[in-house]
Amino acid sequence: MAETSFLEVKNLVVEYTSDKQVIHAVNNASFSLKRGETLGLVGETGAGKTTIAKTILRILPDKAAKIKAGEIFFEGEDLLSISEEKMRTIRGNESAMIFQDPMTALNPTMKVGVQISEAILLHNNCSKQEGKKRAEEMLEKVGIPGQRFNDYPHQFSGGMKQRVVIAMALACNPVLLLSDEPTTALDVTIQAQVLDMMKDLKTEMETSMIMITHDLGIVAEVCDTVAVCYAGEIVEYGSVVEIFDQPMHPYTIGLFGSLPDMNGGRARLTPIKGMMPDPTNLPKGCFFQDRCPYASDECRKKHPDLNNAGGTHTVRCIRKGDEQNA
Amino acid sequence: MGKYIVKRILWLIPITLLVIVFVYTILFFAPVDRARAALGMGASEQAIAEFNEKNGLDKGYLGGLIIYLKNLLHGDFGVSYYTSVSVSKQILVRLPYTVKLAILATTFGVVIGLPLGILAATHQNSWLDSLTMALTMFFSAMPTFWFALILVMIFSLHFRWLPSVGYESWKNYVMPVVSIGLHVSAIIARQARASTLEVIRSDYVTTARAKGQKESKIISDHVLRNGSIPVITVAGGNLAAMMGGALLIEQIFTIPGIGTYLFSGIASLDIPVVLGCVTMLSVFHGLIIVLVDIIYTFVDPRMKVAIIQNSAKKKILRGGETT
Ligand SMILES: Nc1ncnc2c1ncn2[C@@H]1O[C@H](COP(=O)(O)OP(=O)(O)OP(=O)(O)O)[C@@H](O)[C@H]1O
Ligand SMILES: [Mg+2]
């Protein structure tokens with residue numbers, strides 16, 4: 001595994017503290033990503049997807065969040081043990097993030113172009129004019145006229161803001177792109193446009209990507225591998241083919257309940273009855289036990305390990321483990 | 001934009017008129033015999049009649065108001081009932097002291113309060129933050145005259161470094177400015193801390209961090225501007241309020257500003273004096289608020305658009321009505 005891994009997240013544990021309560025947002029998450037590959041990170045709201053992405057860039061709120069354990073190897077280096085200075089040279093440069101909410105991700109009192117050129121000027125030895133020129137090129141690339149460099153975010157529509165956020169993330173040709181639901185804020189036609197644009201840019205720049213999404217259509221369209229996230233842990237992991245052909249974890253099966261309409265249009269993850277366990281008070285045993293139709297006594301007693309299910313496919317469920325062992 | 005400002009300034013006229021009418025009404029119906037107060041109890045009937053005629057007090061409520069407004073139109077604020085000194089002259093002489101004090105104290109407040117508030121926010125929950133919060137709590141709760149008296153005790157009575165009365169030298173302004181400024185800076189620091197904390201937690205600051213920007217540049221480029229918007233409101237409001245003079249402070253340090261003048265006018269129900277001060281106060285207050293709005297549009301581009309769109313929308317509506 002290690003030989004070709006470009007990004008490897010190992011046993012990541014992240015907690016938030018709010019009102020003296022500890023929120024277990026990420027619990028022992030592990031996955032890896034090869035150069036040029038796209039990993040789809042799926043799961044319902046509050047599963048810890050954004051937290052994982054922010055941890056990779058080390059931009060979690062420093063008071064509220066704490067990385068309790070884990071390693072993140074990026075091009076062979078553990079991002080969690082390097083200095084802040086070193087990390088700053090990676091952020092926005094080799095690794096960049098497209099934020100979930102374009103409405104709040106842009107500074108309302110700073111020109112849009114200046115916000116794009118900020119990263120360019122930080123990571124390249126170039127003059128202000130050169131930075132401006134490149135920012136204008138980035139705007140053109142995402143389909144916004146370069147003259148709009150001097151506009152402020154409020155002069156843009158939601159879709160255009162999202163493009164600006166994308167242009168900002170791509171400004172320094174990152175080798176790792178963390179896209180946090182880059183299309184949820186957009187209407188369907190623009191969604192398709194933005195997605196196509198990202199796919200083009202990705203092949204053009206040979207970028208590896210973590211695509212956080214609720215949209216199975218997007219997963220099928222752009223991802224090579226999938227990690228299903230539940231209550232802060234990866235419950236199923238494998239190639240798109242493996243996961244789509246043979247989802248094994250009851251949670252994944254539940255999510256894919258809508259798969260038959262895949263041909264009809266964009267299928268979204270279907271809601272599953274019940275709620276995710278309270279992240280301040282996770283149950284003993286399997287986190288999915290309360291919603292699982294197959295839950296047994298053992299599921300309530302012992303937390304399941306990630307079991308191999310053939311190929312690169314792994315599942316965190318004892319049923320799978322039993323089959324495997326039997 | 002220019003049109004908007006002119007409109008805002010024109011609006012000050014009816015507002016000021018309304019203020020004048022209100023204040024005049026209260027003063028006119030106050031149960032006091034101004035002639036006897038001015039001329040003494042033993043004044044002759046004739047002297048009293050002359051006094052009332054000279055000051056327009058014989059024209060009744062409406063007559064007096066109309067005469068006052070007529071004179072105001074010619075820039076004449078009338079004369080004090082009791083000293084016969086021209087009110088406009090007095091205001092012109094006194095205004096510079098009050099303006100100087102107001103601007104210096106507000107500047108002091110911003111220069112000390114804004115960085116302190118930002119520092120406290122960026123070091124949230126540290127000893128620096130706790131200390132700032134404790135101090136600003138104290139300084140915003142204590143009245144300014146209390147600081148003034150403490151300062152006088154220390155710097156005038158004990159060390160004899162600063163004069164406690166007078167208005168000629170810059171030294172006379174140190175203690176008045178500091179005693180008001182400490183209070184203002186405490187309020188501004190608390191506001192700056194609160195708004196900075198909010199901005200620091202906002203998504204666009206995380207975005208800036210994700211670009212690899214340094215913390216210090218994040219504060220100066222992203223946080224400062226957004227965090228200072230509420231601070232402008234507080235500073236502007238303070239400046240406007242201080243145009244009426246810092247009453248007690250002018251009194252303590254015998255600064256001949258608007259505050260002392262207004263105070264003496266109110267105490268003796270001297271209608272022209274009070275109305276003159278109030279008119280001036282309401283105009284300045286309005287102008288400062290317009291000025292603050294203009295500053296807003298420079299700091300926050302969203303404001304400018306809101307203003308322009310607002311007037312454009314009205315124009316469209318009006319156009320629609322005529323066609
Ligand atoms: N700043 C924070 N302070 C405290 N708790 C937080 C903070 N940010 C996130 N959390 C908590 O951490 C958990 C994971 O949140 P996260 O934002 O990573 O979820 P997500 O999978 O991205 O969800 P969504 O699909 O809604 O974006 C949630 O329980 C959330 O309430
Ligand atoms: Mg999220």
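How far is the sulfur of A:Cys286 from the closest cysteine sulfur? The distance is 6.0 Å, to the sulfur of A:Cys299, which is too far for a bond. Welcome to this predicted model, where local features need pLDDT of at least 70, side-chain atom pairs count only at pLDDT 80 or more, and totals for chains, interfaces and linings use all residues. Residues are numbered from 1 along each chain as its sequence is written, chains are lettered from A and ligands numbered from 1 in the order in which they are written, and side-chain values use heavy atoms, with hydrogens and water left out.

**Cysteines**

- With a disulfide taken as a pair of cysteine sulfur atoms within 2.5 Å, the count over all chains is zero.
- A:Cys286 is buried (under 20% relative accessible area, with a 1.4 Å probe and protein chains only), at a relative accessible area of 12%.
- A:Cys172 is buried too, at 9%, and its sulfur lies 8.6 Å from the closest cysteine sulfur, that of A:Cys126, too far for a bond.

**The largest pocket**

- The largest pocket holds about 1200 Å³ of space; among its 43 lining residues, A:Ile59, A:Leu60, A:Pro61, A:Asp62 and B:Arg209 are the closest to its centre.
- A pocket here is an open set of points on a 1 Å grid over the protein atoms alone, where a 1.4 Å probe fits, with protein on both sides within 12 Å along at least five of seven lines; lining residues have an atom within 4 Å of a point.
- Its volume is the space filled by probe spheres set on the points, which are joined across faces, edges and corners.
- Helix 1 (49-57) of chain A and helix 9 (203-210) of chain B are among the elements that each supply at least two lining residues.
- Helix 1 of chain A gives the largest share, four residues.
- By type, the lining has 15 nonpolar residues (Ala, Val, Leu, Ile, Met, Phe, Trp, Tyr, Cys and Pro), 15 charged (Asp, Glu, Lys and Arg) and 13 polar (the others, Gly among them).

**Strand 1 of chain A**

- Helices (H or I, at least four residues) and strands (E, at least two) are DSSP runs, numbered from the N terminus.
- Strand 1 of chain A also contributes to the pocket lining, and ten of its 14 residues are buried.
- Strands pair if DSSP finds at least two bridges between them; strand 1 of chain A pairs with strand 2 (residues 21-34) of chain A in the antiparallel sense over eleven bridges.
- These two strands form a hairpin with two residues between them, and A:Asp19 in the turn has a positive phi of about 50°.
- Strand 1 of chain A also pairs with strand 4 of chain A, antiparallel over eight bridges, where A:Leu7 has A:Phe74 as its bridge partner.

Terms used
Buried means under 20% relative accessible area, exposed over 50%, partly exposed in between (1.4 Å probe, protein chains only).
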